[in-house]
Amino acid sequence: MKTTIAAIILLAALSSGCNSGYIQEQNLTPLQGGGVTVKANNVAYAELTITDGKIVAVTPVDAIMNPEKTVTFEFSETENGTMLSVKNPFDQPIKYHINMVDYSGNFHKTSSCPVMAGGGAFESWPHPIPQLVVSNFRFLSDGQGFSCIY
């Protein structure tokens, strides 16, 4: 009975998110405005282009060629769900939007925490997620705080 209730709750949570689009494999990268797609049990890299102190372009790359401007995303399955580890090489905190992509290709908004300057962050979810789409990268200014929101 507990398993049935848990399955119903999980199904309701996954189906109640934002169904903002159905994505096809060939349309994942590059994203409009720049972004990166991270599949389960994979690592993805995004090179950020900075102009006048703002992130103006996000380019997915296959390997770290410029460590001073490459953000690393490691997305893994765990026995308790899924986990995303992010490394930020910049001297400012970074914030972005994360959309979970379900097995049908539907987007579901999820909160994300800012990534500390020169540090990292971890996000976790108590259920399987086949892939994440990370977009809308921006630096946080001093007064913006560190809220874990979309």
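Author: Among the contacts in the chain with a separation of 6 or more, 66% are between residues 24 or more positions apart. The model is a predicted one. The chain holds one helix and nine strands, and along the sequence these follow the pattern α-β-β-β-β-β-β-β-β-β.

Strand β4 covers residues 70–78 and runs antiparallel to strand β2, residues 42–51, with six bridges joining the two. Within this pairing, threonine 70 of β4 is the bridge partner of glutamate 47. Strand β4 is also joined to strand β5, residues 81–87, again in the antiparallel sense, here by seven bridges. Two residues lie between β4 and β5, and the two strands form a hairpin. Threonine 78 stands opposite glycine 81 of β5.

Four strands, in the order β1-β9-β6-β7, make up an open sheet with antiparallel pairing. The edges are taken by β1 (35–39) and β7 (107–110); each has a single partner strand, so one side of each is left without a neighbour in the sheet. On average, neighbouring strands of this sheet are turned by 30° against each other, direction ignored. For β1 the pairing is with strand β9, residues 131–139, antiparallel and over five bridges. Valine 38 is found opposite leucine 132 of β9.

The side chains come next. The largest nonpolar core has 26 residues, and those that touch the most other members are Phe73, Tyr96 and Phe137. At least two residues of this core come from each of β1, β2, β3 (54–61), β4, β5, β6 (94–101), β8 (120–125) and β9.

With its neighbours within four places in sequence left aside, phenylalanine 73 is in contact with residues including Val36, Val38, Val43, Ala44, Ala46, Leu84 and Val86. Tyr96 and Phe137, also named above for the core, are among the contacts of phenylalanine 73 as well.

Last, some totals for the chain. Of its 150 residues, 39% count as buried. The accessible surface comes to about 8,600 Å², and carbon and sulfur atoms account for 54% of that surface.

Note on methods:
Residues numbered from 1 in each chain as written. Predicted model: local features only at pLDDT ≥ 70, side-chain atom pairs only at ≥ 80, totals over all residues. Heavy atoms only, no water. Pairing = 2+ DSSP bridges. Axes fitted to C-alpha atoms, helices over the stretch in contact; angles between N-to-C directions. Core = buried A, V, L, I, M, F, W, Y, C linked by side-chain atoms within 4.5 Å. Buried < 20%, exposed > 50% of the residue type's maximum accessible area, 1.4 Å probe, protein only. Contact = heavy atoms within 4.5 Å. Areas by Shrake-Rupley, 256 points an atom, 1.4 Å probe, with all protein chains shown as cover.
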